Amino acid sequence: MIHAEGVAEVTDATFDTEVLAAERPVLVEFTADWCGPCRQLAPVLGALATELAGRMDIVQLDIDTNPGVTSRYAVLSAPTLMVFRSGEPVKSMVGARPKRRLLQELEDVFETV
């Protein structure tokens with residue numbers, strides 16, 4: 001899996017505990033080794049993990065090795081970014097995007113917290 005610095009990895013086994021039971025909102029990147037846009041997104045997610053520390057957790061899930069969570073949330077493309085809050089998906093975005101745009105798209109997640 002393409003690992004973003006400062007971003008934890010979750011699996012089918014740890015997803016419910018690490019994401020659904022989290023106290024803060026969690027941004028999950030559904031990613032894969034073969035995904036070019038996922039490579040472009042890795043440094044963006046690493047920067048966001050630092051910038052949003054304490055406000056939002058950011059994790060990655062490899063769709064090839066974790067088919068359970070991938071199919072549970074009907075993820076069909078990589079990268080798919082999903083925000084979970086209080087155990088529920090509240091936002092979904094498909095495709096890589098620059099940091100500034102991603103922050104803009106996440107603003108409403110913080111406004112409703």
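**Core, sheet and aromatic pairs in a predicted model**

In this predicted model, the largest nonpolar core has 39 residues, and Phe15, Leu27, Val28, Leu45, Met56 and Leu106 are those with the most contacts inside it.

Me: Which helices and strands supply at least two residues of this core each, and which gives the most?
Reply: At least two residues each come from α1 (15-20), β2, α2, β3, β4 and α4 (99-111). Helix α2 gives the most, with seven residues.

Me: What makes β1 and β5 edge strands of the sheet?
Reply: The open sheet has five strands in the order β1-β3-β2-β4-β5, with mixed pairing. Strands β1 (8-10) and β5 each have a single partner strand, so one side of each is left without a neighbour in the sheet. Neighbouring strands are turned by 30 degrees against each other on average, direction ignored.

Me: How do you know that β2 and β4 pair?
Reply: Pairing requires at least two bridges between the strands. Strand β2 (residues 26-31) and strand β4 (residues 80-85) have five bridges, in the antiparallel sense, and therefore count as paired. Within this pairing, Leu27 has Val83 of β4 as its bridge partner.

Me: Why is the pair of Phe15 and Tyr73 called tilted?
Reply: Ring centres must lie within 6.5 Å for a pair; planes under 30 degrees apart count as stacked and over 60 as edge-to-face, the rest being tilted. The centres of these two rings are 5.7 Å apart and the planes stand at 45 degrees, so the pair is tilted. Phe15 belongs to helix α1 and Tyr73 to the loop between α3 (67-72) and β4, 58 residues apart. Both Phe15 and Tyr73 are buried.

Me: Why is the pair of Tyr73 and Phe84 called edge-to-face?
Reply: The cut-off for this class is an angle over 60 degrees. The planes of Tyr73 and Phe84 stand at 80 degrees, with the ring centres 5.0 Å apart, so the pair is edge-to-face. Phe84 lies in strand β4, eleven residues from Tyr73, and both residues are buried. Phe15, Tyr73 and Phe84 form one aromatic cluster.

Terms used
Residues are numbered from 1 along each chain as its sequence is written. This is a predicted model: local features need pLDDT of at least 70, side-chain atom pairs count only at pLDDT 80 or more; totals for chains, interfaces and linings use all residues. Side-chain values use heavy atoms; hydrogens and water are left out. Helices (H or I, at least four residues) and strands (E, at least two) are DSSP runs, numbered from the N terminus. Axes are lines fitted to C-alpha atoms, for helices over the stretch in contact, and angles run from 0 to 180 degrees between N-to-C directions. A nonpolar core is a set of buried Ala, Val, Leu, Ile, Met, Phe, Trp, Tyr and Cys residues joined through side-chain atoms within 4.5 Å. Buried means under 20% relative accessible area, exposed over 50%, partly exposed in between (1.4 Å probe, protein chains only). Rings of Phe, Tyr and Trp (its six-membered ring) pair if their centres lie within 6.5 Å; planes under 30 degrees apart count as stacked, over 60 as edge-to-face and the rest as tilted.
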